Amino acid sequence: MTLLSTHTKIALLESERGAVVTMSPATSTVTFFRGSPRRVANRLRTRVAAIVRANPWLAARLDDDENGELALFVPPDARERTLFAERHDIAISHETPYAALVDLAFTPRDYASLVEALAPVMCGTSVEVRGTAKPLFQVSLVSCASDTYAVVVSANHSLLDGHGYYRVYNMLSEGASVESLDPARKFDLPAKMVAAMHNERSLLQQASPGFLFRFITAQV
């Protein structure tokens, strides 16, 4: 109730509150660059701040609303919150160099090592962050070996779908326009999707026990 009186609520679609989405890991990308991270840190910090000013809902938190349903809550000071971090405490191993990615010589072991190293800058699942006020969107600058750095962008799956993620992600590019996106969900859209499929509901929409069991097993 305190959140309702101080924050702006954004209701979520039923699917965004469902087990499949709330247990799904955040959408995250790691983009490698050659050069000194010191040269881009301030530019990236300024760009992320501009994106958040235009889209304060990116600073939202996940919590229960008055009906006990998961919802987004945008704080009144969202535009002042920084969702950018320059992480000097994270080191990506020299065993996963930029050249290995370019040459497509990146092994599953390299990938697992990279994921483990970058875990501190990945947003949590909705189940993990519910009621914790942990960030649902964050951009991190991580130094690598051999004059290389990585930009890590992570967004909770209940906050952004894949399409929305890349609309925000593309705003990070120098010269790209910073847009204000409308976070309000279109609650009539799920019914229209089912109607377009002649009322045949997908496995994701049905979320049958068998489907959920296979999904949860795969996550574990």
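Leaving aside neighbours within four places in sequence, T29 is in contact with V151, V152, V153, Y165, Y166 and Y169. The model in which these contacts are found is a predicted one.

**The protein as a whole**

- The secondary structure of the protein consists of eleven helices and seven strands.
- The protein has 220 residues, of which 40% count as buried.
- Among contacts with a separation of 6 or more, 73% are between residues 24 or more positions apart.
- The accessible surface comes to about 12800 Å², and carbon and sulfur atoms account for 55% of that surface.

**T29 and its surroundings**

- T29 has a relative accessible area of 14% and is therefore buried, since the cut-off for buried is under 20%.
- The side chains of T29 and Y165 are joined by a polar contact of 2.7 Å.
- Y165 is also one of the residues in contact with T29.
- Helix 8 comprises residues 162-170, and this helix lies across strand 2, strand 6 and strand 7 (148-155).
- The angle between helix 8 and strand 2 is about 30 degrees.

**The open sheet**

- Strands of a sheet pair through backbone hydrogen bonds, and the pairing is either parallel or antiparallel.
- Four strands form an open sheet in the order 2-7-6-5, and their pairing is mixed.
- Strand 2 and strand 5 (84-87) stand at the edges and have a single partner strand each, so one side of each has no neighbour in the sheet.
- From one strand to the next, the twist averages 20 degrees.
- Strand 5 pairs with strand 6 (residues 137-143) in the parallel sense, over four bridges.
- E86 stands opposite L141, a residue of strand 6.

**The nonpolar cores**

- The largest nonpolar core has 34 residues, and those that touch the most other members are W57, L58, L72, F137, V139 and L159.
- Two or more residues each are given to this core by helix 4 (38-54), strand 4 (70-74), strand 6, strand 7 and helix 8.
- Helix 4 makes the greatest contribution to this core, with five residues.
- W57 touches I10, V74, L159, L160, L181 and P183, when residues up to four places away in sequence are not counted.
- A second, separate core has ten residues, including F32, L114, L118 and V142.

**D63 in strand 3**

- D63 is located in strand 3, which comprises residues 61-64.
- The relative accessibility of D63 is 15%, and D63 therefore counts as buried.
- The side chains of D63 and R61 are joined by a polar contact of 3.3 Å.
- Apart from neighbours within four places in sequence, D63 is in contact with L3, E69, L70, A71, F73 and G131.

**M23 in a loop**

- M23 occupies the loop between helix 3 (19-22) and strand 2 (27-34).
- With a relative accessibility of 28%, M23 counts as partly exposed.
- M23 touches T125, V127, F215, I216 and Q219, again not counting residues up to four places away in sequence.
- M23 and G124 are 101 residues apart along the chain, and their C-alpha atoms are separated by 9.3 Å.

- Most residues other than glycine have a negative phi.
- A133 is not a glycine, although its phi is positive, at about 65 degrees.
- A133 lies in the loop between helix 7 (126-129) and strand 6, and its relative accessible area of 32% makes A133 partly exposed.
- H198, also a residue other than glycine, has a positive phi near 55 degrees.
- The loop between helix 9 (189-196) and helix 10 (203-206) holds H198.
- H198 is exposed because its relative accessible area is 73%, the cut-off for exposed being over 50%.

Conventions
Residues are numbered from 1 along each chain as its sequence is written. This is a predicted model: local features need pLDDT of at least 70, side-chain atom pairs count only at pLDDT 80 or more; totals for chains, interfaces and linings use all residues. Side-chain values use heavy atoms; hydrogens and water are left out. Buried means under 20% relative accessible area, exposed over 50%, partly exposed in between (1.4 Å probe, protein chains only). Contact means heavy atoms within 4.5 Å. A polar contact is a pair of N or O atoms within 3.5 Å; within protein, one must be able to donate a hydrogen and the other to accept it, and residues adjacent in sequence count only if both atoms are side-chain atoms. Accessible areas come from the Shrake-Rupley method with a 1.4 Å probe; for residues, only the protein chains shown count as cover. Two strands pair if DSSP finds at least two bridges between them. Axes are lines fitted to C-alpha atoms, for helices over the stretch in contact, and angles run from 0 to 180 degrees between N-to-C directions. A nonpolar core is a set of buried Ala, Val, Leu, Ile, Met, Phe, Trp, Tyr and Cys residues joined through side-chain atoms within 4.5 Å.
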